[in-house]
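Welcome, and take a moment to look over the structure below. The notes that follow will walk you through its main features, topic by topic.

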Protein chains: 2
Amino acid sequence: MKQMDTEKLLMIPGPTMVPSRVLNTMALPIIGHRTSDFGDLTGDTVDMMKKVFQTENDTYIITGSGTAVMDMAISNTLDKGDKVINITNGNFGERFYKISSVYKADTIKYEPEWGDLADPKKLRELLEENEGIKAVTVVHNETSTGAKNPIEDLGNVVKDFDAIYIVDTISSLGGDYVNVDKFNIDICVTGSQKCIAAPPGLAAITVGEKAWDVVSKTETKSFYLDLNAYKKSWDAKKETPYTPSVSLTYAMNEALEMVLEEGLENRFKRHDLLARATRAGLEAMGLELFAKERARSVTVTSAKYPEGIDDKKFRGLLAEKYNIRVAGGQSHLAGKIFRVGHMGSAKEYQVLGTLAAIELAFKELGYNAEGGVAAAKKVLSN
Amino acid sequence: MKQMDTEKLLMIPGPTMVPSRVLNTMALPIIGHRTSDFGDLTGDTVDMMKKVFQTENDTYIITGSGTAVMDMAISNTLDKGDKVINITNGNFGERFYKISSVYKADTIKYEPEWGDLADPKKLRELLEENEGIKAVTVVHNETSTGAKNPIEDLGNVVKDFDAIYIVDTISSLGGDYVNVDKFNIDICVTGSQKCIAAPPGLAAITVGEKAWDVVSKTETKSFYLDLNAYKKSWDAKKETPYTPSVSLTYAMNEALEMVLEEGLENRFKRHDLLARATRAGLEAMGLELFAKERARSVTVTSAKYPEGIDDKKFRGLLAEKYNIRVAGGQSHLAGKIFRVGHMGSAKEYQVLGTLAAIELAFKELGYNAEGGVAAAKKVLSN
């Protein structure tokens, strides 16, 4: 294989650093995917996945990216002309809207400001004004803005209506508090490569009773992503309908074990602590955070660039000189903000080292940014 | 991770044994998928993939199973009511038919006997009788039967018509002779886990000019599997539209290097030799091969069970006592045939050991089957 620089610290909002304990499982030989050994492994993986989702709902692991399960959630529930409310306060909220459009749903956009949260009252109004809404889609944690939506409160609204509640927890599950059953989430999707700290390439989806009722009445619009096929193979013999990624299943299993060993509560606390340290550090450097205070994510922090700082130069310096990757802005935020991921297996020293390197990089580009590390240390020492 | 028996020899028609040189690449740290390092790696992987496909056509690597790219080939080219000829002489030929049906194409089945091949003359008649056929689908190597179709000759027929030629080479590419450009294949799909000997979870698709012309006029029917999105991201910056499996890309790159180091010609010869040894061995045991002589696969061999041999007992003995997995029959062939895969990294000693263990297992079940190893040795020593 081509030589690559695999030694850089990933402080991007996914894929995240994967512990070597997880990576090493993938060096194990392949086993047949239609064997009881693999069925047991998948069963075990799904059981752990359900604990992390905090759900009793049917749960499937899919070979594909997070977008594959977002697609699955929409294509299995919305037919042409079906009404859907897409909450679009970020790039991934927009993605649900785009997917709904491909399947010709009758889309109603609820567009809170990017960086702010969706208001449950406003959602209730929309559901009351528009009769016959079949689904509401929302992204819990918007990596594009560093903001998050109040998915428990939104779920308390949707449950009063016939609509099903579809939530993307791709960049929050395992890092921020998600309780699928308590939050009344009918379909919840996630990815392997964010807070769970497994390699990219797998995704998961939960389907509750109310959602199954809709799925069973929806036209089959995709072959590879047909939920009924996954249900049928799983119910019959704990198998997937098509060949799954055996190696990634090893890794996912090990990563989920690590999540549960640490404990969900501890993991949420660690993410919250690192988020507060990052925010304090960047603010102490004089930067303005992009997300509104009431909406800030615990897995990714976004900040506006100081006047005159060039995005490419800044991130280039961080990557080439300091061996740290952070992310730029997406869509209309490109060049205007940068984003620091602190999710998955992220540790204090990584956040501190990143803040210190950001100070150095800014200084080199002519912006004086001291005090970030000191402020972060204060948060961590409390 | 749960303890599993990862020491069994996989003589199933995929996933196949993956060399540790390939597996070990997956223990490398994850890198960002929107970096030039990863772009270079993917570019390098695609270049090697094109050499194996023997094509100049656009080639994409997809995170998903072989079925994902079969779906992609159909959903991007056939709209409701479009006429397609599905050649269905096996389970995977049937799959193309099922996918075409999901997208409501007007399907015409050409059903040669299972275990036999499709006749180019018959295909020409069908294309002449039925005006306006938009696509022809065929599976090169049918793992379900152990037979293969003459895809070069069939391609020579399709090229005389407006129809595009869609070929599944999932279980042949890298093991049997495939030349996408010479065979006039407009869309060719394959998987990582068969003759290429990479882990399951990636698939690849080639798209030629005639096919792009059709794709551009076809309604977008899938979000995750929309070929236009892959083209757009690739053309703009050698990226995938959605997060790819970084670890599996490492493995695929290394596996393709090994394919090219051995050389395609040598690889085809090795597969052919092992196939002939396996066939000679099983026939010497008094078994009847399932596939017709003119149609036999070089990557998987199928044989009918002798009277009174129970499929589950036989394969159970091979797996538990002799640590070898072979496959049973699919669909209406379940219980009637078994299938031995000899593809990917398969070696002489594995084929010989498998034949010897099959003799022992048959003997234990009351069927006297000597002479298999001797016959295979004869083939190998020539």
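This is a predicted model: local features need pLDDT of at least 70, side-chain atom pairs count only at pLDDT 80 or more; totals for chains, interfaces and linings use all residues.

Helices and strands here are DSSP runs, at least four residues (H or I) for a helix and at least two (E) for a strand, and they are numbered from the N terminus.

**Chain A at a glance**

- Chain A contains 13 helices and 14 strands.
- Its C-alpha atoms fill a box of roughly 60 × 55 × 40 Å along the principal axes.
- Chain A has 382 residues and a radius of gyration of 21 Å, which agrees with the value near 21 Å that a compact globule of that length would have.

**A three-stranded sheet in chain A**

- In chain A, 3 strands make an open sheet with antiparallel pairing, in the order S11-S14-S13.
- Strand S11 (300–304) and strand S13 (327–328) of chain A are the edge strands; each has a single partner strand, so one side of each is left without a neighbour in the sheet.
- Strand S14 (residues 337–341) of chain A pairs with S11(A) in the antiparallel sense over 5 bridges.
- Within this pairing, Ala303(A) has Phe338(A) in S14(A) as its bridge partner.
- Helix H10 (residues 264–284) of chain A packs on this sheet, where it touches S11 and S14 of chain A, and its direction makes about 10 degrees with that of S11(A).

**A seven-stranded sheet in chain B**

- Turning to chain B, we find an open sheet of 7 strands with mixed pairing, in the order S2-S10-S9-S8-S5-S3-S4.
- The edges belong to strand S2 (58–63) and strand S4 (106–110) of chain B; each of them has a single partner strand, so one side of each is left without a neighbour in the sheet.
- From one strand to the next, the twist of this sheet averages 20 degrees.
- Inside the sheet, strand S8 (residues 164–168) and strand S9 (residues 187–191) of chain B pair in the parallel sense over 3 bridges.
- Ile166(B) has Ile187(B) in S9(B) as its bridge partner.
- Helix H2 (residues 36–53) of chain B lies across S2, S9 and strand S10 (202–207) of chain B, and runs at about 115 degrees to S2(B).
- Helix H8 (residues 227–237) of chain B also packs on the sheet, touching S2 and S10 of chain B, with its direction at about 110 degrees to that of S2(B).

**Cavities**

- Rolling a probe the size of a water molecule over the atoms shows where empty space is left.
- How many cavities of 30 Å³ or more does a search of the whole structure find? There are 13.
- The largest cavity has a volume of about 110 Å³.
- This largest cavity is lined by 13 residues, and those nearest its centre are Phe38(B), Thr42(B), Thr240(B), Pro244(B) and Thr249(B).
- H2 and S2 of chain B each contribute at least two residues to that lining, and S2(B) provides the largest share, 3 residues.
- By class, the lining of the largest cavity has 5 nonpolar, 6 polar and 2 charged residues.
- The second largest cavity has a volume of about 80 Å³.
- Residues lining the second largest cavity include Phe38(A), Thr42(A), Ile61(A), Leu202(A) and Pro244(A).
- Helix H2 (36–53) and strand S2 (58–63) of chain A each supply at least two residues of this second lining, with S2(A) giving the most, 3 residues.
- The lining of the second largest cavity has 5 nonpolar, 4 polar and no charged residues.

**Backbone details to look for**

- Most residues other than glycine have a negative phi, and most peptide bonds are trans.
- In chain A, Gly14(A) and Pro15(A) are joined by a cis peptide bond with omega about -5 degrees.
- In chain B, the peptide bond from Gly14(B) to Pro15(B) is cis, with omega near -5 degrees.
- Pro15(B) lies in the loop between strand S1 (9–10) and helix H1 (20–23) of chain B.
- Ala197(A) is not a glycine, yet its phi is positive, at about 60 degrees.
- You can find Ala197(A) in the loop between strand S9 (187–191) and strand S10 (202–207) of chain A.

How values were computed
Residues are numbered from 1 along each chain as its sequence is written. Chains are lettered from A and ligands numbered from 1 in the order in which they are written. Side-chain values use heavy atoms; hydrogens and water are left out. Two strands pair if DSSP finds at least two bridges between them. Axes are lines fitted to C-alpha atoms, for helices over the stretch in contact, and angles run from 0 to 180 degrees between N-to-C directions. Contact means heavy atoms within 4.5 Å. On a 1 Å grid over the protein atoms alone, a cavity is a set of points where a 1.4 Å probe fits but cannot get out, and a pocket is an open set with protein on both sides within 12 Å along at least five of seven lines; lining residues have an atom within 4 Å of a point. Grid points are joined across faces, edges and corners, and a volume is the space filled by probe spheres set on the points. Ala, Val, Leu, Ile, Met, Phe, Trp, Tyr, Cys and Pro count as nonpolar, Asp, Glu, Lys and Arg as charged, and the others, Gly among them, as polar. The radius of gyration is taken over C-alpha atoms; the globule rule is 2.2 Å times the number of residues to the power 0.38.
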